[in-house]
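Here is a short briefing to read beside the sequence and the 3D view. Take it one topic at a time.

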Amino acid sequence: MIPQTLDKITTLEEQRFLLPGHYTWEEFEKLEALTADAPGLRITYLDGCVEFMTLGEQHEMLKKVIAILLEAYFFEKGINFIPVGSATRRAKKKGASFEPDESYYLGEKKENPDLAIEVNITSGSINKLEKYKRFNITEVWFWENNQISVYHLTNDNYEQIAHSQLLPDLDINLLVRCVLMPSIIEARTEFIKGIRQ
């Protein structure tokens with residue numbers, strides 16, 4: 001009989017690291033190519049700044065639960081949507097490349113998604129809203145400190161608002177409460193019950 005050992009399974013926490021210095025688009029592309037095979041690593045570029053981020057289990061769980069509940073809302077309310085997840089938004093002429101955690105076209109496909117969601121466990125150092133503004137994404141939601149902050153693009157600037165203008169009937173507090181529930185089944189049940197009232 002051959003003795004078997006169990007490897008201890010570990011999960012990484014979310015970490016962010018701003019690379020010192022200023023980088024051209026071409027240098028950024030080289031960094032991207034060097035890190036292309038690194039699992040769970042995300043790279044963001046904005047005006048010469050490069051930020052690396054590892055995706056921890058808590059980050060991935062939160063973004064997935066938010067997506068599950070939000071998509072349940074779309075189905076329940078009969079809102080046509082196209083989920084595009086963390087599809088990369090990048091343009092040399094805009095000086096930006098990044099991946100939201102979740103993103104959606106509402107109604108039909110356009111040049112860029114209407115809604116982007118970003119989960120922040122640790123604070124980032126790159127201007128969070130500037131990168132979205134360059135792609136005219138109408139609304140950006142940030143999950144930070146167990147709450148959702150909603151920003152709506154108005155007159156070329158983001159304004160923090162209490163309720164989504166894209167989804168005016170959505171109770172953000174209900175969404176947050178359900179995201180924080182320990183059981184996804186109970187969270188979905190409570191969420192559906194809440195939006196039907």
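Helix 2 covers residues 57-77, which makes 21 residues. At 1.5 Å a residue it should span 30 Å, and its end C-alpha atoms are 30 Å apart, so the two values agree. Keep in mind that this is a predicted model.

**Helix 2 and its end**
- Several residues of helix 2 are buried, among them His59, Leu62, Val65, Ile66, Leu69 and Leu70.
- Ala72, Tyr73 and Phe74 of helix 2 are buried too.
- An α-helix has 3.6 residues a turn, so residues three or four places apart point the same way.
- Gly78 follows helix 2. Its phi is positive, near 70°.

**The loop between strands 9 and 10**
- Strand 9 runs over 139-144 and strand 10 over 147-154.
- Asn145 is found in the loop between them. Asn146 is found in the loop between strand 9 and strand 10 as well.
- Asn145 is not a glycine, yet it has a positive phi of about 50°.
- Asn146 is not a glycine either, and its phi is positive at about 60°.
- Asn145 has 71% relative accessibility, so it counts as exposed; the cut-off for exposed is over 50%.
- Asn146 has a relative accessible area of 44%, so it is partly exposed.

**A nonpolar surface patch**
- Which residues make the nonpolar surface patch of about 260 Å²? They are Ile68, Ile184 and Ile185.
- Ile185 lies in helix 5, residues 184-196.
- Ile185 counts as exposed because its relative accessibility is 63%.

Technical notes:
Residues numbered from 1 in each chain as written. Predicted model: local features only at pLDDT ≥ 70, side-chain atom pairs only at ≥ 80, totals over all residues. Heavy atoms only, no water. Helix = DSSP H or I, 4+ residues; strand = E, 2+ residues; numbered from the N terminus. Buried < 20%, exposed > 50% of the residue type's maximum accessible area, 1.4 Å probe, protein only. Expected span 1.5 Å × (residues − 1). Patch = residues over 30% accessible without salt bridge, like charges linked within 9 Å, V, L, I, M, F, W, Y side chains within 5 Å. Areas by Shrake-Rupley, 256 points an atom, 1.4 Å probe, with all protein chains shown as cover. Salt bridge = Lys/Arg side-chain N within 4 Å of Asp/Glu carboxyl O.
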